[in-house]
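Hi there,

Here is the structure I promised to pass on.

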Amino acid sequence: MNTIEADGLTKVYEGIAVVDDLNLRVSGEIYGLLGPNGSGKTTTVNMLTTLVHPTSGTASVCGYDVMRESAAVRRSMSYVPQDMAVDIRLTGWENVELFAKLYGIKDKAERRERIEYVLDIMNLTERAGDMTKKYSGGMRRRLELAQALVHQPNVLFLDEPTVGLDVTSRRSIWEYITKLRGTGMTIFVTTHQMDEAERYCDRVGIIKKGVLLNEGTPAELTSDLDDVIIIRTDSDLPRSLPDGVIPVKSEDGETVFSAKDGSGSLDPLLDAYRADGGKVFSSSVRGPTLEDVYMQAIGPGEEAPFDEDRFRNMMRRR
Amino acid sequence: MYGVLAYAQRDLTRWLRSPMNVISTLVMPAAWLIFMGVVLPGTDKGYLDFITPGVLVMTMLNAGLFGGSSLMFDKVLGYLNKFLAAPTPRESILAGKIIFITVRGLLQALVIQIIAILVGATVLSFWAYLATFAILALFGVFVASFGTTIALYLGNHDSYAAAQSFLSMPLYLASTAMLRYDQMPAALYYIAKANPLSYAIDAARTASAGTFPVPEVLVLILISVIMALLCTRMFRRATIS
Ligand SMILES: Nc1ncnc2c1ncn2[C@@H]1O[C@H](COP(=O)(O)OP(=O)(O)O)[C@@H](O)[C@H]1O
Ligand SMILES: [Mg+2]
């Protein structure tokens, strides 16, 4: 049995399948669901956390069916939604205490110990007595993690945990997540930050318009792609290119090529520019990244610059 | 039950920490009382005693309608989603909210009752007060459920604020708060007879006079239960998609 299983999981809103026949097997790892805004990440998480009923298909968390045994699912997992929601008129301690109670930790001493423990892991002990109104974005996110961890869940669902945070906070959130994985917890996280996913996720799935296009470890996914050569030049493309070097795009005086063997192809490529009397200001070679995999899967221009999702959440009437 | 108390406690703590909210709902009813008791000292004491139950019920009405938006806010601000993902039975979110709104209303009514005594209302027996506040609690459950249902249906603050001001004054004026049934023109009489506020006010008056108002209380229990059930249905509709 996998910790998270989904078979043919589908959600239809207004005639559109926003999650379309999703199959998942996730256990004891950090699994990243990647996709642009509106691709169905939140809907997927909401179905797995029993907040949204699937239109069809099944899913289970820790062996419990999300529809038939939803209460048992909720006892086994914790969920930190995309939009930050800590009570600003409660202290950090009180925010965590509320969830300790909601998770049914009735024994006072035990509750106290758990709260102290999670606040300590999240580095919030010193500020525990302050109103969370005074907390920074990163602290609020950590407080939400503390709330989620207070009952020692087997699975943690995090919807865009680093969105809107600065670089240092992002890194510390990911480091906490990595530590939790070390304790055997399964972590299901959504993000559209490719660099973070590549660095911290054990396995990722790329979703577009509700369909899972690609799945694997970041290394597996990138190994299928060619190296990338970037040339800064004001010249046109050379008339003849070395074998296996394919131009990908050219903009702002920067031309990007792909090649199986990037470093081996660089010199022949530079020679080709010189042969035409062109001038190359600088050049670089890098291996493929998850971002390249993602861009290839999603296609250019699909990333909405405006966060519609957030806007819709704020404006949605019901 | 444990979850219900946790939710209610959360709301009470948050409320007590924002002094403006604590005071604002008291201004109207306190103004009525002080106007009757201090500004018009010539009027007979009987009229102050007559309107005090109405002003107490008005306090509950305003507290309940004001609190009606609370769950809707929890939803809009994302708290509700976190609560719904917790293992406590989901209905305890709603129960905690209704209890919070009612308890808050009762605390405000208590302040109003004290002001009434200070400006000259007759001091009643302990049992009369107990009966009065039990009636107020029942009415509180009714209004809190009513307000919460409307707010969840409308789904945003602006529409609900409009509905709230649209409802509160007419309900008060078209009740037995200011006039006895025999002083009313026919049209008003029938409206007042159908107005839940009248039942609460009549019941509170009878209780102040020293008898327990069985028929009115039965009506209040009935409409509170019906309204709480409607509210539960609305809550389920608003939380499950
Ligand atoms: N309650 C809803 N009613 C109608 N459409 C919805 C609802 N929730 C989400 N959607 C739509 O489903 C699609 C996927 O949304 P979402 O799962 O939030 O994507 P993501 O989290 O990847 O940004 C979007 O097009 C969104 O507009
Ligand atoms: Mg989302």
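This is a predicted model: local features need pLDDT of at least 70, side-chain atom pairs count only at pLDDT 80 or more; totals for chains, interfaces and linings use all residues.

The residues that make the contact are B:Phe146, B:Gly147, B:Ile150, B:Ala151 and B:Leu154 on α7(B), with B:Ser159, B:Tyr160, B:Ala163 and B:Leu167 on α8(B). Sorted by class, seven of these are nonpolar, two are polar and none is charged. The two axes come within 9 Å and cross at roughly 145 degrees.

Chain A has an open sheet of four strands, ordered β12-β13-β11-β14, with antiparallel pairing. Its edges are β12 (246–251) and β14 (280–286), each of which pairs on one side only. On average, neighbouring strands are turned by 20 degrees against each other, direction ignored. Between β11(A) and β14(A) there are six bridges, and A:Thr233 stands opposite A:Val280 of β14(A). Helix α9 (residues 262–275) of chain A lies across β11, β13 and β14, at about 25 degrees to β11(A).

One more residue to look at is A:Thr91, in the loop between β6 (77–80) and α3 (92–102) of chain A. A:Thr91 counts as buried because its relative accessibility is 9%, under the 20% cut-off. Beyond its neighbours within four places in sequence, its contacts include A:Asp130, A:Met131 and, from the other chain, B:Arg17.

Best wishes

Conventions: Residues are numbered from 1 along each chain as its sequence is written. Chains are lettered from A and ligands numbered from 1 in the order in which they are written. Side-chain values use heavy atoms; hydrogens and water are left out. Helices (H or I, at least four residues) and strands (E, at least two) are DSSP runs, numbered from the N terminus. Buried means under 20% relative accessible area, exposed over 50%, partly exposed in between (1.4 Å probe, protein chains only). Contact means heavy atoms within 4.5 Å. Two strands pair if DSSP finds at least two bridges between them. Axes are lines fitted to C-alpha atoms, for helices over the stretch in contact, and angles run from 0 to 180 degrees between N-to-C directions. Ala, Val, Leu, Ile, Met, Phe, Trp, Tyr, Cys and Pro count as nonpolar, Asp, Glu, Lys and Arg as charged, and the others, Gly among them, as polar.
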